[in-house]
Amino acid sequence: MYENFRVFETEFAGRPLKVETGKMGQLANGSCLIRYGETAVFCAATASAKPRDGIDFLPLSVDFEEKLYSVGRIPGSFTRREGKPSDKAILASRVIDRPVRPLFPKDMRNDVSLVCTVMSVDPDCSPEITAMIGASIALSISDIPWEGPISGISVGLVDGQIVLNPTAKQQERNDLQLTVSSTSDLVAMIEAGANQVPDDVMFDAIMTGHRENQKIVEFINSIVAEIGKPKFTFESSNPDTEMFEAIKEFAIDDVKFALDTDDKTVRDERMLPIYDKVHEKFDELYPEQEMKIDDCMYKLQKFVVRRWLLDEGKRVDGRGIDEIRPLSSEVGLLPRVHGSGLFSRGQTQVLTIATLGSIRDSQLLDGIDNETEKRYIHHYNMPSYSVGETKPSRGPGRREVGHGALAERALVPVIPSVEEFPYTIRLVSEVLSSNGSTSQGSICGSTLALMDAGVPIKAPVAGISCGLITEGDRWMTMVDIQGLEDFHGDMDFKVAGTKEGITAIQMDLKVHGLTPEIIKEALAKTHKARNYILDEVMLKAIAEPRAEVSKYAPKMISTTIHPDKIREVIGSGGKVIQKIQADCECKIDIDDDGKVFITAIDIEKAQRALMIVETIANDPEIGAIYRGKVTRLMTFGAFVEIAPGKEGLVHISKLDVKRTEKVEDVVAVGDEIIVKVTEIDDQGRINLSRRDALVEIEGATVEDDGAEETERKPRRPRQGFRNKK
């Protein structure tokens, strides 16, 4: 039945890799089922027969589809089916897209779709890496024009040693989550999250991954040699050379003048009349080719920017090659939020706001990996006004999700543990103005907001980007690229980190890949730049995290109780914990291991709740002082509840610092009083003293009326009687 069914096998980082073709998805231009260990991903590549009209880009879509059946779980949604892609699925799609996209012909406008469906997950074999290799194979053996193949690999740093495709157990001790994609000779993509890894170690890890990738590229080439299809021809979108040269001769001087400014608004205003002049002259000469005339104008701007950089070492805004745009930092801009930081770099401006919440506010995750929740969350918003445009807001797109995740990843290594700082932390970066590197601006703004909020981060983090211009064997890098240099350049190499080391990398390329020399230079330049940003700008705005959280932030106290006592703290149907929360105006979260987190705006109420929880979980100690509620009055004293289910007797002689004739003269049912534990008898009955507590806490003096007072030892009523009202 399956005449073209083939199986290809190799080994990848010490584990079996198997590719099956000709059996599944035979109507796609190219498809394969790829197995790595027990991970299985089906990858299909399709392309439209004709180009799409009216666009000036390659309409490529990449979808990494998480199926919860792959890990034996039923979706938790109401419909019990997968919904929109999770953030992790979007990030995986972007990681595949970045090395794949530059290898398509620049003038191709046919729709191309890559779908990677995760069907089985082995925790030791990354489905994202498996999908990247599968996508490369599907494209390579298809008839879709593409200049691959590529391979991808995960690189870790476990106990100080570089590890390829680390297992789930190794990930527990891993200080580096690096993804490297490669062509046959160049590094095509780098994505990393790192625990302050030094530049030289990062470089070695990148090169180690790159060398291993070469084996898989050769393996894919052997598959293509056996079953690859001839590539189809397509209609080029490039304008002819004669049109470009004519427009270049007509408009180049005007374009040079328009671009020669450090103000994006001025540049855009200068370019508008030039477009009008060009169309007025050339629309008649080239009828029904308005789109190609605009393409020529784009190519002309790109030509000018690249010639300035390569031939004259000149940047459009007049800066030096490694000069950073003017910087500024502010904190505490918004009075009622828990923390805020405004970071500006040239015309890029990002305001980040920090919000602290209880552990209950952690984000729950429903995906195909083992992460079920996270307590540090970063969201990134880039409204249309930030680039001077007008369009309705439609929620975050893939770009916003990706930039938010990059900033989140950059700060994760310096976030204190839940034991050190028992809060859920949410950051929101609002891009107010954008002229390049907003993701790195949001990293800097995040550091400022966290420090302003009183989060004891381990070290401040800054981010900066490095650009690249190539021409044949010539190349040059420049620090802090603005929007125009990003559009017309070949690379956006984003690096975030502390003074000690790198915490995150994301590399976007428009060329096929980078040499080791370019990577090493980009790492060195970004290291120097981020240290400058930290020392000269950010740490001058706020030198260290504030000593206390905002008065508007919830106050958090944590403790640990024995897991066997959790049931007593919660109570039947949650009655006990609900009563504590209501009485103390707080939130209480209890983990299965006995960790207790108490959140309240008023620290005194949080401390009172803590005392109640610990009293329930631990037997009261003689000498301990509690705030309790009077539950019953007797002629010989008052019963006081110091915690739900734990009650003691304050004898009439211990009610006050002066002689008491009647219990009712001092307390009434429902009163809250402070008491001290004076005795716990062999039956567990508790004797309390309000008098001793007043003396110890308030410094009261016991009045001596000359009478010798003897404390009575009344017979306690039975438990059944005590609980009656």
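**Close-up 1. Residues where helices α2 and α4 meet in this predicted model.** In this view, I133, S136, I137, S140 and I141 of α2 make contact with I216, I220, I223, V224 and I227 of α4. Sorted by class, the contact of α2 with α4 has eight nonpolar residues and two polar ones, with no charged residue. Helix α2 covers residues 127-141 and helix α4 covers residues 199-227, and their axes come within 9 Å while crossing at roughly 30°. Angles under 35 degrees count as roughly parallel, and α2 and α4 are therefore roughly parallel to each other. The crossing in which α2 passes α4 is right-handed.

**Close-up 2. An open sheet of eight strands with antiparallel pairing.** Read across the sheet, the strands follow the order β8-β7-β9-β10-β21-β20-β18-β19. The edges are taken by β8 (161-164) and β19 (474-479), each of which has a single partner strand, so one side of each is left without a neighbour in the sheet. On average, and with direction ignored, neighbouring strands of this sheet are turned by 20° against each other. Within the sheet, strand β7 (residues 151-158) and strand β9 (residues 176-182) run antiparallel and are joined by five bridges; S151 stands opposite S182 in β9. Helix α4 packs on this sheet, where it touches β7, β8, β9, β10 (187-197) and β21 (502-509), and its direction makes about 45° with that of β9. Helix α7 also packs on the sheet, touching β18 (462-471) and β19, and the direction of α7 makes about 85° with that of β18.

**Close-up 3. A salt bridge between K314 and D260.** Side chains of opposite charge can pair when their charged atoms come close. In the pair shown here, the closest N and O atoms of K314 and D260 are 3.4 Å apart. K314 lies in the loop between α7 (290-312) and β11 (327-331), whereas D260 lies in the loop between α5 (241-259) and α6 (264-282), so the pair ties together parts that are 54 residues apart in sequence. The structure as a whole holds 48 salt bridges.

**Close-up 4. The packing of helix α8 on helix α9.** Helix α8 (residues 398-411) and helix α9 (residues 438-452) pack with their axes 9 Å apart and at an angle of about 45°, which makes α8 oblique to α9. The crossing of these two helices, α8 and α9, is right-handed. From α8, the residues R399, H403, L406, A407, A410 and L411 take part, and they meet T438, S439, Q440, S442, I443, S446, T447 and L450 in α9. By class, this contact of α8 with α9 has six nonpolar, seven polar and one charged residues.

Key:
Residues numbered from 1 in each chain as written. Predicted model: local features only at pLDDT ≥ 70, side-chain atom pairs only at ≥ 80, totals over all residues. Heavy atoms only, no water. Axes fitted to C-alpha atoms, helices over the stretch in contact; angles between N-to-C directions. Helix = DSSP H or I, 4+ residues; strand = E, 2+ residues; numbered from the N terminus. Parallel < 35°, antiparallel > 145°, perpendicular 65-115°, else oblique. Left-handed = near helix turned anticlockwise from the far one by under 90°. Contact = heavy atoms within 4.5 Å. Nonpolar A, V, L, I, M, F, W, Y, C, P; charged D, E, K, R; others polar. Salt bridge = Lys/Arg side-chain N within 4 Å of Asp/Glu carboxyl O. Pairing = 2+ DSSP bridges.
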